[in-house]
Amino acid sequence: MIKVTIDKITVDVEEGTTILQAARRIGGKTVPPAMCFYSKLQGTGGKCRSCLVEVARSSTKDPRPMPKLVASCSTPVQDGMVVRNLTSPVVIEARKGVVEFLLLNHPLDCPVCDQAGECDLQDLSFGYGMAETATGDERREFLPVDIGENIKLHMNRCILCYRCVYVADQLTGKRLHGMLYRGDASEISTFISNAVTNEFSGNMIDVCPVGALTDKTFRFKSRVWFLKPMDAHRECEKCSGKVTAWMFGDEIYRITGRKNQYGEVEEFICNECRFEKKQQTDWVIEGPRHIRRQSVISSNHYEEMKKQSLINPIAGTVESME
Ligand code: SF4
Ligand code: SF4
């Protein structure tokens with residue numbers, strides 16, 4: 001084990017751990033934000049620069065600081081390393097710049113965007129964004145396109161994090177979409193408007209940190225903070241069948257994977273569970289899901305319902321949600 005200190009808190013981690021993963025061991029505000037890194041997908045990270053940190057001491061052997069800020073998602077810790085995240089004014093300043101760049105081409109869609117309320121970019125902008133933009137340049141614009149039966153792509157909102165491309169590569173076996181072109185002309189697209197049909201393609205929606213990939217069976221149905229996320233499961237031959245069912249009253253509005261405090265799914269789920277099983281009778285409802293990440297949803301405190309016995313523990317059904 002080796003020792004690393006992040007924002008004055010020391011933790012022991014295995015050799016080869018990245019700074020970001022070490023910070024996640026500590027938790028709380030020590031953890032740098034990550035828009036492109038996704039621990040369940042190999043090769044992610046190193047794209048968005050949101051997780052930049054300052055290394056004030058490289059290691060016990062070499063106590064010199066690193067000359068530039070480093071991406072915490074892809075930099076392994078060294079024994080005796082000292083890292084500054086929120087305690088570094090340089091990091092805060094750099095992150096403000098990253099947010100400004102991410103928003104250069106981003107539309108002001110939050111009031112009509114399905115991701116609002118669970119959007120990593122909203123959280124990042126709230127933490128580090130400026131009240132006004134420094135540029136008056138026009139944003140690049142695309143028309144929304146259907147990529148397959150169940151997924152809508154809003155390229156205007158895409159931050160080019162590549163997560164969905166890794167999902168297609170690692171989960172679906174046959175990738176039908178990817179990043180086209182270079183630099184500020186880059187865009188996520190299918191080749192000659194192909195449909196994305198693979199049985200696990202819906203996971204692209206869960207990993208997308210913004211509202212660029214949305215679930216067509218849920219679009220514009222409700223704001224997420226009006227819904228009650230419930231842990232639910234069913235027997236499924238294709239995946240674990242363990243999901244979060246987002247309910248309003250007795251109605252299931254959408255199904256997603258179960259996400260942890262970093263917005264990452266615990267297990268990827270199949271399209272049948274996600275898009276086709278929208279009846280309460282399809283699922284065994286386990287009870288309210290505690291949303292541990294910072295979110296407008298977690299401020300509902302609706303898990304109080306459980307204490308008030310609104311969930312029938314025997315039948316596993318919701319008796320009253322309102
Ligand atoms: S992706 Fe996030 S920041 Fe962008 S419009 Fe949607 S909710 Fe707002
Ligand atoms: S569509 Fe979403 S997941 Fe894919 S690159 Fe864009 S922001 Fe990332």
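**Loops, ligands, a helix and a sheet**

Author: Let me start with Tyr181: it has 9 C-beta neighbours inside 10 Å, so it counts as exposed (exposed means 12 or fewer other C-beta atoms within 10 Å of its own, buried means 20 or more, partly exposed is in between, and C-beta atoms are placed from the backbone). This is a predicted model, where local features need pLDDT of at least 70 and side-chain atom pairs count only at pLDDT 80 or more, while totals for chains, interfaces and linings use all residues. Residues are numbered from 1 along each chain as its sequence is written, and chains are lettered from A and ligands numbered from 1 in the order in which they are written.

Reader: Where does Tyr181 sit, then?

Author: In the loop between strand E8 (177-180) and strand E9 (187-190). Helices (H or I, at least four residues) and strands (E, at least two) are DSSP runs, numbered from the N terminus. Tyr181 isn't a glycine, yet its phi is positive, about 65°.

Reader: And what's the phi of Arg49?

Author: Positive as well, about 70°, and Arg49 is not a glycine either. Most residues other than glycine have a negative phi. Arg49 lies in the loop between helix H1 (19-26) and strand E3 (52-57). Arg49 counts as partly exposed because it has 17 C-beta neighbours inside 10 Å.

Reader: Switching to ligands. Which residues come nearest to ligand 2?

Author: Cys158, Cys161, Cys164, Cys208 and Ala212, out of 14 around it (near means a C-beta atom, placed from the backbone, within 6 Å). That shell has 13 nonpolar residues, no polar ones and 1 charged. Here Ala, Val, Leu, Ile, Met, Phe, Trp, Tyr, Cys and Pro count as nonpolar, Asp, Glu, Lys and Arg as charged, and the others, Gly among them, as polar.

Reader: How does the shell around ligand 1 divide?

Author: Into 6 nonpolar, 4 polar and 2 charged. Among the residues there are His106, Asp109, Cys110, Cys113 and Arg157.

Reader: OK, helix H2. Which residues are buried?

Author: Val91, Arg95, Val99 and Leu102. Seen down the axis of H2, they fall within an arc of 80°, so they line one face of the helix (the arc is that of the directions from the helix axis to the C-beta atoms). On the other side, Pro89 and Glu93 are exposed.

Reader: Last one: what's the strand order in the open sheet?

Author: E13-E12-E11-E14, 4 strands with antiparallel pairing (strands pair if DSSP finds at least two bridges between them). The edge strands are E13 (251-256) and E14 (284-288).
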